[in-house]
Amino acid sequence: MSAMDVPAKRSAEKPARAADKPKSTKAVAYISWVALALMTTSSVASLRPSPTMAVYGLASIFLYVVPALVFLLPTALVSAELASGWEGGVFKWVSEGISKPAGFFAVWCQFAMTIFYYPSLLGFVASTLAYVINPELASSGVWTAIVIMVCYWTGVWVSSRGTSGVAGLASGGLIIGTLIPGALLVILGVAFLGQGNESAAPMTASNLLPAWAGLSSLVLIVNNFLSYSGMEMNAVHVSSLKNPGREFPRAMFLSMGLVLLIFILPALAISWIVPAEQLSLTAGVMQAFDAVFAAFGSQWLTPILGVMLVAASLGGMLTWLAGPSRGLLLISRQEGYLPPFLQRLNKHGVQQNILVVQGLVTTLIALAYAFIPDVSSAYWIFSVITTQVYLIMYLLMFVAAVRLRRKHPDHPRGYRAPMLTGLCGVGFAASLAALLIGFVPPSQFGSGSVGIYLTVVAGGALGLGLLVPYLFLRLRKPSWRTEPAEEVTA
């Protein structure tokens, strides 16, 4: 997930206008397909997943391209059709296509994934910040836990005050924390090789495909599904194109190409500089910068790059910290899915109780960093749980899209995805495969207990993604509804 990498991706559900509704007399503000492509790129691209794929060296190209084709592209095209035909986001789509309880499960998963996403994002922040203070702290679980708790609760305090003006931080973060460091990393990596240094990872044709040693050798590919997620948020802009049927696919293919470049080139640069066996999944970017700056006698630049990456990540977190919970709150007030305690607003109109309860769970998860010996292993566990919870939502979305096309073939849509059933089939199969593969311990961290790994991942993904919302549905009472429910129209 990630603005953030995934920040813009995790915003609250935004209503979309159907492009072919009766036209009003007001002028429509159109955007170009190139602008939409750049907007999509800025909301998806990030350096954070680069170390995870750098472990695979040249094979990272294959492992980025495959999920882009079988997940990113179907998600983009399918969600564009849904957004141009039904207002209300994922909850509306799944409610109309399947049922309201299924819609609640979908929007719950959009919120719940952030509970494990914050610890993984802030774990990256902690390891990066360590290179500004003392690089040895990057491997300290206690340091990581402290940074996560301090940063998260500071963010909650800022968000709970309804502070305005932080929305622009994400766009600035793309330049400060992604484009500049990413371009610099690639340039320095090329210069590093140009000086005659040998690549830490073999760069021959035989390494284009990952070495096969069972599913455990490919588990890290699951992280790419989280990196590509969030396209259903960007799909709301399809109605702002003059010719959605022709221009939206162009925008998606252009953005997919740009995203692949931003993901692949830094990952390759890291693999040239840092050997896979020494690579940290949280501090890998800083490891590469530190090593290459040392080779060029400019190690004093390492803390500066660290500050840029940290500032961008924290800025991105602030821009969307309250977003997913806000969407869940609005739906719960209308349908009575959450108890009144969690629906209360503070004097600034912010759902502070949800943020505090979420923070308590996040704090408990953060403490796991202090008890799991390997920070990279903890980071991976939280990342895979985040991805699995979010993939549950995508499974429901693909099913809903097929059912809506069959139930309401004549419903006005500003954009109709080509071969929708086939796209949904590919997207559903890819999402389900990624969800299941996540239960396999990665070969890179094979020293731990398989039983403990399965217990933690299954408990986190299935418990948080399915059991908790099921209990809310079973226990809800009519008194939990605090606002009139909007009628769901066909």
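**Close-up 1. Helices H4 and H5 cross at roughly 150°.** In this predicted model, the axes of H4 (residues 89-97) and H5 (residues 100-133) come within 7 Å. Angles over 145 degrees count as roughly antiparallel, and H4 and H5 are therefore roughly antiparallel to each other. The crossing of H4 past H5 is right-handed. On the H4 side, the contact is made by Val90, Phe91, Val94 and Ser95. H5 brings Lys100, Ala102, Gly103, Phe104, Ala106, Val107 and Gln110 to the contact. Sort those residues by class and you get seven nonpolar, three polar and one charged.

**Close-up 2. Within helix H4, glutamate 96 pairs up with lysine 92.** Their side chains meet in a salt bridge, at 3.5 Å from N to O. Both residues sit in H4, four residues apart, which is about one turn of the helix. Buried or exposed, this pair of glutamate 96 and lysine 92? Glutamate 96 is buried, and lysine 92 is buried too.

**Close-up 3. A salt bridge joins glutamate 335 to lysine 100.** Here the closest N and O atoms are 3.0 Å apart. Glutamate 335 belongs to helix H13 (residues 323-335) and lysine 100 to helix H5, so this pair links distant parts of the chain, 235 residues apart. Lysine 100 also turns up in the contact between H4 and H5. As for accessibility, glutamate 335 has a relative accessible area of 6% and is buried, while lysine 100, at 29%, counts as partly exposed.

Close-up 4. The cut-off for buried is under 20% relative accessible area. Glutamate 81, at 1%, therefore counts as buried, whereas arginine 405, at 22%, is partly exposed.

Terms used: Residues numbered from 1 in each chain as written. Predicted model: local features only at pLDDT ≥ 70, side-chain atom pairs only at ≥ 80, totals over all residues. Heavy atoms only, no water. Axes fitted to C-alpha atoms, helices over the stretch in contact; angles between N-to-C directions. Helix = DSSP H or I, 4+ residues; strand = E, 2+ residues; numbered from the N terminus. Parallel < 35°, antiparallel > 145°, perpendicular 65-115°, else oblique. Left-handed = near helix turned anticlockwise from the far one by under 90°. Contact = heavy atoms within 4.5 Å. Nonpolar A, V, L, I, M, F, W, Y, C, P; charged D, E, K, R; others polar. Buried < 20%, exposed > 50% of the residue type's maximum accessible area, 1.4 Å probe, protein only. Salt bridge = Lys/Arg side-chain N within 4 Å of Asp/Glu carboxyl O.
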